[in-house]
Amino acid sequence: MANHYDLVILGGGLRRRYRSGPPQFAYAHYKCRSAYRRHLRQQLETVAAREGKIAVENAFADAGKNFDLRSVPYAVFTDPEVASVGMTEAQYMDIHGTCSCRTISMDRIPRAVAVKDTRGLLKMVAHHETGQVMGVHILAPNASEMIHEAVLAVKFGLTVDDLIDTVHIFPTYSEAIKIAAQAFRRDIRRMSCCVE
Ligand SMILES: Cc1cc2nc3c(=O)[nH]c(=O)nc-3n(C[C@H](O)[C@H](O)[C@H](O)COP(=O)(O)OP(=O)(O)OC[C@H]3O[C@@H](n4cnc5c(N)ncnc54)[C@H](O)[C@@H]3O)c2cc1C
């Protein structure tokens, strides 16, 4: 065992206690704390599970892992649904003073038109110089299913061009991610179906 701990307590449910807790308690998720300082921690099952795994690996295998909270998605199961990952336009503006953002209405998405439910929109926030995807925010039916492609884009630093260069299934709600990326490069109002 790489480190010795008197006691290992997993789960953010106890975080308040560890801040003020008795000194004999050593906490395995200590190494996640710098991430907490930088980003707002979302209180989700998925975050707790990830923290637990990292805590154990850091405690018992000295893995030195951290948790990048920037690519943690969340959803609100309303009708239509809300789903989001990464920086919002306002957060990006606060840091860079400018924004490279595109918002597309779901009535641009062939699948939404086909099923006659065009409620909602999708906003993509990209780096104003590199085109790297910084955040995606969706209000639409199936938003919680659509968001995962955006999670990978944010996590692995993909650009809008990487998304454009990826073949998507037609007609799907997920095509909205590609069409939003295309909106950075062309006028999507003049685009016929499946145009690259
Ligand atoms: C109503 C509701 C719905 C939710 N729905 C979702 C959802 O759909 N999706 C999602 O991702 N997240 C959801 N969440 C959030 C999610 O449940 C929490 O973020 C997650 O459970 C946090 O896990 P945790 O291990 O950090 O803390 P907890 O799950 O709170 O675990 C802490 C544990 O520590 C125990 N404990 C507390 N004090 C002590 C003590 N002194 N000694 C020993 N044990 C102690 C508690 O009994 C508890 O079992 C929901 C939360 C609520 C309340």
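**Exercise 1. Find the residues at the centre of the largest nonpolar core, and the elements that build this core.**

Step 1. In this predicted model, the largest nonpolar core has 33 residues. Such a core is a set of buried Ala, Val, Leu, Ile, Met, Phe, Trp, Tyr and Cys residues joined through C-beta atoms within 7 Å. Met124, Val133, Val136, Ala176 and Ala180 have the most contacts inside it.

Step 2. At least two residues each come from strands S2 (81-86), S3 (100-105), S4 (121-126) and S5 (133-140), and from helices H6 (143-155), H7 (160-164) and H8 (175-182). Helices (H or I, at least four residues) and strands (E, at least two) are DSSP runs, numbered from the N terminus.

Step 3. H6 gives the most, with 6 residues.

Residues are numbered from 1 along each chain as its sequence is written. Local features need pLDDT of at least 70, side-chain atom pairs count only at pLDDT 80 or more, and totals for chains, interfaces and linings use all residues.

**Exercise 2. List the contacts of Met124 beyond four places in sequence.**

Contact means C-beta atoms, placed from the backbone, within 7 Å. Met124 touches Cys101, Arg102, Val133, Val136, Ala180 and Ala181.

**Exercise 3. Decide whether Thr78 is buried or exposed.**

Step 1. Thr78 lies in the loop between strand S1 (74-76) and S2.

Step 2. Count other C-beta atoms within 10 Å, placed from the backbone: 20 or more is buried, 12 or fewer exposed, in between partly exposed. Thr78 has 9, so Thr78 is exposed.

**Exercise 4. Judge the confidence of the chain.**

pLDDT is the predictor's confidence in each residue, from 0 to 100. Its mean is 84, and 80% of residues reach 70 or more. Over residues 10-38 pLDDT stays under 50.

Technical notes: Two residues are in contact if their C-beta atoms, placed from the backbone, lie within 7 Å.
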